[in-house]
Amino acid sequence: HMIDEEQVGLVAAADGAERSLRRSTSSSFTQALQTQAVTVPRNPWAAIRATQRQKRRRKFCLFFVATVVVVAVAAFLVIEMVDEAEEVPEDTQPVTHNHRPSNGITAEDMHDEHKRGEDDDLAFDTFDDDDNITSNSANKVSSENSESEDEYSSTTQEASSDRIICPLEAPPPSDNDKQGNFDEYIEADKTKLTPTGALAENTEDFRNEGYDGYGTPFNVAKANIYDYVTEYFVPALQNGGGSIYESACGTAANYLMTLEIIAASGVKDVTVYGSEYVADSVLIARQMIAAHMPESFHMGSICQADSTNLGHVPSNSMDVVFTGYIDPLLDPLDLDPEEVNSIARAIARCKSTDEEDRAIAEKEQKAQEKWFARWVTEMVRITKPGGIVIIEDVAKPICQIRKDWGGVSNSFWPRAVADYGWDIDVDSISFDPAPRKPDKYKGRRYNVAMRKLG
């Protein structure tokens, strides 16, 4: 076909307009990108790979953090399991001065108090925790099968004089003087004495320091026990002219705070007696009491003696007899005489489902009860008729509370009155939470007070 010049001109004009529009659009787009600071990568695949690398790094970091957390939690759980099953308690290690309580448990975090039935399903009557026993129900305990044992009866011959003369010789090794139980505290006592046996200067600030293995400072502990001492000790001494005796008084820190509380209640003219198993502790206790006891009180005698054999003390001679703690036997049946951590084996037997292990655990608890009975029998014997016997910080059975050193349940006390012939008014037996370290010993330890007949 023939195309005239006018048509050719129109086509050329249209083509030019199209090219001009493209150039204008491209220039506007480029200008817009520059204005908005948009960067168009020369190689888009490089940007994609960079993004993927960042994602992989983030995933690796998250995985690493998660792994560290899991390992830390697992390690913590393993440590806790080992501590429960194998280690002896830290803030309650008994200062085995025949009384001194515990290094206070040193981890202040001992709170795993496993009670019978919660995870052990123990069926031993010996381990019953009759926390609901009150003085009103104590007399209902049956005396069936309660044959009194001559060895521990409270019928010791009464001495002919009220004067207490200390034994000339040191006591023979006590049943709880085994496996180096006393070594740490014997060494600690040496730091409190000069070569001549006088008190060292480091004893002057005793009110602001921990004592007898407790991490709690003297003044704090004194405030904690104030109400208890006022309620149970003071009434027996309020008429003045009375006598008080602490069995296993350690270095006398517990004794001194008790005497100060009694004096603050207006009691006067009290004579102070006591005994302690470790020789250097006796020297410290004598000097501490003489130097710091209330002005109106009188120094009696502090003798070296085993708390289960106070033969030098006359029967029926003291108005108040107490002990700050009964050191339990760590190996009641001497099954592991060379094993320092024999208590861990005892705990393992508590957990065991094997009948033989359970039978051994029951025998160990009965042996522990006999040990407590021997100690308290002497306390009852030397108490005057109508006087008060007080045992502080009583630990519960090892199969009931594994984070302590072993002891006896509440139900032991009314049973023991019949079993061991104690001259105790069963109706008078009372239990209170141990107040010395309430946060630590809550549900774990208790105090027991009882009145002698007469």
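Modeller: In H9, Glu 369, Phe 372, Ala 373 and Val 376 meet Phe 412, Trp 413 and Arg 415 of H10. Contact here means heavy atoms within 4.5 Å. This is a predicted model, in which local features need pLDDT of at least 70 and side-chain atom pairs count only at pLDDT 80 or more, while totals for chains, interfaces and linings use all residues. Residues are numbered from 1 along each chain as its sequence is written, and side-chain values use heavy atoms, with hydrogens and water left out.

Colleague: What makes H9 and H10 roughly perpendicular to each other?

Modeller: H9 and H10 pack at an angle of about 70°, and their axes are 11 Å apart. Axes are lines fitted to C-alpha atoms, for helices over the stretch in contact, and angles run from 0 to 180 degrees between N-to-C directions. Angles under 35 degrees count as roughly parallel, over 145 as roughly antiparallel, 65 to 115 as roughly perpendicular and the rest as oblique. H9 and H10 are therefore roughly perpendicular. Their crossing is right-handed; that term applies if the near helix is turned clockwise from the far one by less than a right angle, and left-handed if anticlockwise.

Colleague: Why is H4 called oblique to H6?

Modeller: H4 (residues 218–232) and H6 (residues 253–264) pack at an angle of about 50°, with axes 9 Å apart. That value makes H4 oblique to H6. The crossing of H4 and H6 is also right-handed. The helices themselves are DSSP runs (H or I, at least four residues), as are strands (E, at least two), numbered from the N terminus.

Colleague: Which residues of H4 and H6 meet?

Modeller: Phe 218, Ala 221, Lys 222, Ile 225, Tyr 226, Val 229 and Thr 230 in H4 meet Ala 253, Leu 256, Met 257, Thr 258, Glu 260, Ile 261, Ile 262 and Ala 264 in H6. The residues of this contact divide into 11 nonpolar, two polar and two charged.

Colleague: What makes Ile 225 buried?

Modeller: Buried means under 20% relative accessible area, exposed over 50%, and partly exposed in between (1.4 Å probe, protein chains only). Ile 225 has a relative accessible area of 4%, so it is buried. Ile 225 lies in H4, and beyond four places away in sequence it touches Met 257, Thr 258, Ile 261, Pro 435 and Arg 436. The C-alpha atoms of Ile 225 and Pro 435 are separated by 5.5 Å, although the two are 210 residues apart along the chain.

Colleague: Why is Pro 217 called partly exposed?

Modeller: Because its relative accessible area is 28%, Pro 217 is partly exposed. Pro 217 belongs to strand S2 (residues 214–217). Its contacts beyond four places in sequence are Arg 207, Asn 208, Glu 209 and Gly 210.

Colleague: How do you know that H10 is mostly covered?

Modeller: Six of the eight residues of H10 (residues 412–419) are buried, namely Phe 412, Trp 413, Pro 414, Ala 416, Val 417 and Asp 419. What covers them includes helix H9 (355–382), strand S7 (383–395), strand S8 (430–433) and strand S9 (445–451).

Colleague: What joins the side chains of Ser 315 and Arg 381?

Modeller: A polar contact of 2.9 Å joins them. The term denotes a pair of N or O atoms within 3.5 Å; within protein, one must be able to donate a hydrogen and the other to accept it, and residues adjacent in sequence count only if both atoms are side-chain atoms. Ser 315 lies in the loop between strand S5 (298–304) and strand S6 (318–323), and its relative accessible area of 4% makes it buried.

Colleague: Is Ser 317 buried or exposed?

Modeller: At 10% relative accessibility, Ser 317 counts as buried. Ser 317 lies in the loop between S5 and S6 and touches Ser 243, Ile 382, Thr 383 and Lys 384, residues up to four places away in sequence not being counted.

Note on methods. Ala, Val, Leu, Ile, Met, Phe, Trp, Tyr, Cys and Pro count as nonpolar, Asp, Glu, Lys and Arg as charged, and the others, Gly among them, as polar.
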